[in-house]
Amino acid sequence: MSDVEALRKELAAAIDAAAGLDELEQIRVSALGKKGRITELMKGLGAMDADARKATGQALNALKSEIAQALEAKKSSFADAELNARLVGETVDVTLPARPEAEGRIHPISQTIDEVVAIFGEMGLSVAEGPDIEDDWHNFTALNIPPDHPARQEHDTFYLPGAGEEDRMVLRTHTSPVQIRTMMAGEPPFRMIVPGRTYRCDYDATHSPMFHQVEALVVDENTHMGHLKGCLIDFCRAFFDVDDLPVRFRPSYFPFTEPSAEVDIGCVRKDGEFRIGHGDDWLEILGCGMVNPKVLENCNIDSTKYQGFAFGIGIERLAMLKYGIPDLRTFYESDLRWLRHYGFSALSAPSMVGGL
Ligand code: DAH
């Protein structure tokens, strides 16, 4: 038997018997590495006469690729075996009953979003989503905030590096760009809410560089301010669970709505007490308005035929008010004691029927 043939048999047997990835790697280095046995044999080719060099060269090349293939095949059989062992080891019996003593809690932000979705879902609005990284046009220009508009300064925008003024990317400063994406992608009527993350360069007890909003957009042929008011009054009363909660609409300004309003709810602030409900004080909770016809036109929607309303709510603010959480920064500290105190049971998903 030739040297090459003997080596082939020896290596094939070693690969076959290998017990793990480490051992395979050792075999690979000892055969095909810089100082490996096949490599060394190849170095000897130069000293052979022409005929022997040709025959031995061909045999060595064939051996080299055969061994490389055998190593690969064995390697993937180890990977398959590992995966199978993991699948067996991690089997979960999904028919087991839930364990009420389980430690996990639903974060108040998730809970609040679920509550808001449950209320507006009942009114017939569906949930839409959009990207956290937006282009300047969707985040500003299409919403009637052109490049030199003063409203841009108020947004403390995080700009992403690269690209010029016009086509630069930003971390979205509000969920309003999803209004634009929804209207560009479909045909009216639209009835949707957009819960999601938003970003502004700001940080103190009531501001965080990442926070959450819920946007709403309703567009149809006969949508009017009465619909907006009814929708928001019902929402505030359901969310805070106060049937006769006073709700007031105060004129305001947003570039993307005309007319625009801010919504205040009634509250009591007396001797250190703070309570939501009938009282002699007001608390601002959201911005809203009738969609500016310019925004509809930017999305190729005929503003003589369609009108709509929109609003935007800060989720953290809602959660802080409803659940008495004093500092916004604690939402993101991942402190388990905080979560056990303020979190919610995973077994009681909010719904209008079951309760919020
Ligand atoms: N985008 C506004 C913000 O982030 C909130 C807002 C106000 C959204 C009025 C709206 C609206 O859709 O109509 O401050």
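The structure is a predicted model, in which local features need pLDDT of at least 70 and side-chain atom pairs count only at pLDDT 80 or more, while totals for chains, interfaces and linings use all residues. Residues are numbered from 1 along each chain as its sequence is written, and side-chain values use heavy atoms, with hydrogens and water left out.

The protein chain contains 12 helices and 10 strands; helices (H or I, at least four residues) and strands (E, at least two) are DSSP runs numbered from the N terminus. Its radius of gyration is 33 Å, whereas a compact globule of 356 residues would have a value near 21 Å. That radius is taken over C-alpha atoms, and the globule rule is 2.2 Å times the number of residues to the power 0.38.

| Property of the protein chain | Value |
|---|---|
| Span of the C-alpha trace along its principal axes | about 105 × 55 × 40 Å |
| Accessible surface (Shrake-Rupley method, 1.4 Å probe) | about 19700 Å² |
| Carbon and sulfur share of that surface | 53% |

Buried residues (under 20% relative accessible area, 1.4 Å probe, protein chains only) make up 40% of the 356 residues. Among contacts (heavy atoms within 4.5 Å) between residues at least 6 apart in sequence, 65% join residues at least 24 apart.

The protein chain carries 36 positive and 56 negative side chains, and the centres of the two sets lie 6 Å apart. Lys and Arg count as positive and Asp and Glu as negative, with His and the chain ends not counted; the charges are placed at NZ of Lys, CZ of Arg, CG of Asp or CD of Glu.

Strands β6 (residues 247-254) and β7 (residues 257-270) pair in the antiparallel sense over seven bridges, pairing requiring at least two DSSP bridges between two strands. With two residues between them, β6 and β7 form a hairpin, and Val 247 stands opposite Ile 265 in β7.

Key: Buried means under 20% relative accessible area, exposed over 50%, partly exposed in between (1.4 Å probe, protein chains only).
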